[in-house]
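Subject: Handing over the structure, with notes on what was found

Dear colleague,

I am passing this structure on to you, and I would be grateful if you could look at it alongside the notes below.

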Amino acid sequence: MAAPYAKLPAWVDYGLIPLINVTVAFLVAGLVVLLVGENPVRAAQLLVQGAFGSGDGIGYTLFYATNFIFTGLCMAVAFHCSLFNIGGEGQAYVGGLGVAIVCLAFDSVFPWWINLPLATIMAALTGALWALIPAWLQATRGSHVVITTIMFNFIAASLMVYLLVGPLKPVGSMAPETRTFAEGAQLPRLDWMLEMFGLTIRSAPLNITFLLALAAAFGVWVLIWRTRLGYEIRTMGFSPTAARYAGINQTKVIVIAMMVSGAMAGMMALNPVMGDQTRLQMNFVAGAGFVGIAVALMGRSHPAGIIPAAILFGMLYQGGAELSFEMPTISRDMIVIIQGLVILFAGALEHMFRPTIARMFHMAGGGTLKPTPQPGE
């Protein structure tokens, strides 16, 4: 049977529907909090207060959001080409290696404003190269990119273990990490940005990479919606058959889209490696590659949606830490449950409320719903 549909404005498609999905997710999460004997309204207040109630809270929220913006952009570029790049975690790992190479070589030679562009280029390049082999296998051999990128995550993790317990570990050190970078490879904090609004940052590692993430989001918007390559990527994602008949080189588009995706993931490493830890450590990605999947889904693979979605997950990370401290009965595992509910409703069930909203919106406009065309019609 044909299902009703209506063309929705962008503010409804990219704003209202995700907002409703997130609201429902938090309502269900409130029931979970209620089941453990806590007040869900108080829990929500603590969550928001922990994330946005102080300069430090905002700093940590935006710090986490920076990671998720990069990994969300990574997933979004691949999504537009109908590719599911599950390798953001590994690509970010290898991007961290690229950052460390630059920092270890030039931290005592150049100031940060020279090392940052060099590290950015190296992070993007190493992340892109790590995505190249799965992309080439998908484009030329039909190997499914989901499987290959997952396997490359494990390879990247094993590579990092080998390097950090061997060649990159300083002599006499027992910790699996590089030496601490000199001042020339340490990024400046963005204390001044929040101080403009009367807020004070004491320990939050919010740094200039946040501004770089915003610039990367703008760059992805230009690439996908304002260039010929972006048009080819979106055409491939919408219909590979149409792309083939239009004369688009499918192999080239798949490889480039995956490499751009890997470059975005690789650039995520700048934030923790240069902006916070000032050395390369194990597990610095901390699952941000997988969170990027949810961020891209919630943001509808559009930079304008990815940024607030990343901030929302940054709020869940920072506010969740404060919530578990103030309410011991709400453990970190329950925070993961709340995150999972957000992912469920914003991702897997993102179309749950769409037919009803479309029907109501179209009826309010006085129109008549059109049937969805079926194959062969």
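The notes below begin with how to read the values and then go through the findings by topic.

The model is predicted, so to speak of local features a pLDDT of at least 70 is needed and side-chain atom pairs count only at pLDDT 80 or more, while totals for chains, interfaces and linings use all residues. Residues are numbered from 1 along each chain as its sequence is written, and side-chain values use heavy atoms, with hydrogens and water left out.

Helices and strands, as named here, are DSSP runs numbered from the N terminus (H or I with at least four residues for helices, E with at least two for strands).

Helix packing

Helix α9 (residues 228–238) packs against helix α11 (residues 250–267) at an angle of about 100 degrees, and their axes are 10 Å apart. The axes are lines fitted to C-alpha atoms, for helices over the stretch in contact, and the angles run from 0 to 180 degrees between N-to-C directions. The two helices α9 and α11 are therefore roughly perpendicular to each other, on a scale where angles under 35 degrees count as roughly parallel, over 145 as roughly antiparallel, 65 to 115 as roughly perpendicular and the rest as oblique. On the α9 side the residues that meet α11 are Leu229, Glu232, Ile233 and Met236, and on the α11 side they are Gln250, Lys252, Val253, Ile254, Ile256 and Ala257, where contact means heavy atoms within 4.5 Å. The residues of this contact between α9 and α11 divide into 7 nonpolar, 1 polar and 2 charged; Ala, Val, Leu, Ile, Met, Phe, Trp, Tyr, Cys and Pro count as nonpolar, Asp, Glu, Lys and Arg as charged, and the others, Gly among them, as polar.

Buried means under 20% relative accessible area, exposed over 50%, and partly exposed in between (1.4 Å probe, protein chains only). Among the buried residues of α13 are Ala288, Gly289, Val291 and Met298. Just after α13, Arg300 takes a positive phi of about 55 degrees. Ser301, in the loop between α13 and α14 (303–326), has a phi near 60 degrees, which is a positive value in a residue other than glycine, and Ser301 is buried, with a relative accessible area of 11%.

Glu89 lies in helix α4 (residues 88–106) and counts as buried at 12% relative accessibility. The side chain of Glu89 reaches the backbone nitrogen of Gly289 at 2.9 Å, and a polar atom of that side chain also lies 2.9 Å from the backbone nitrogen of Gly287. A polar contact is a pair of N or O atoms within 3.5 Å; within protein, one must be able to donate a hydrogen and the other to accept it, and residues adjacent in sequence count only if both atoms are side-chain atoms. When neighbours within four places in sequence are left aside, the contacts of Glu89 include Asn153, Val285 and Phe290.

Thr126, in helix α5 (residues 112–141), counts as buried at 14% relative accessibility. Its side chain reaches the backbone oxygen of Val94 at 3.4 Å, and, with neighbours within four places in sequence left aside, Thr126 is in contact with Val94, Gly95 and Gly98.

Gln277 lies in helix α12 (residues 270–277) and, at 16% relative accessibility, counts as buried. The side chain of Gln277 makes a polar contact with the side chain of Gln281 at 3.5 Å. The C-alpha atoms of Gln277 and Phe181 are separated by 9.1 Å, although these residues are 96 residues apart along the chain. Thr278, found in the loop between α12 and α13 (288–298), has a positive phi near 50 degrees.

A contact across the chain, and the aromatic rings

Leu8 counts as buried at 9% relative accessibility.

The structure holds 9 aromatic pairs, a pair being rings of Phe, Tyr and Trp (its six-membered ring) with centres within 6.5 Å, where planes under 30 degrees apart count as stacked, over 60 as edge-to-face and the rest as tilted. Tyr60, Phe63, Tyr64, Phe68 and Tyr317 form one aromatic cluster.
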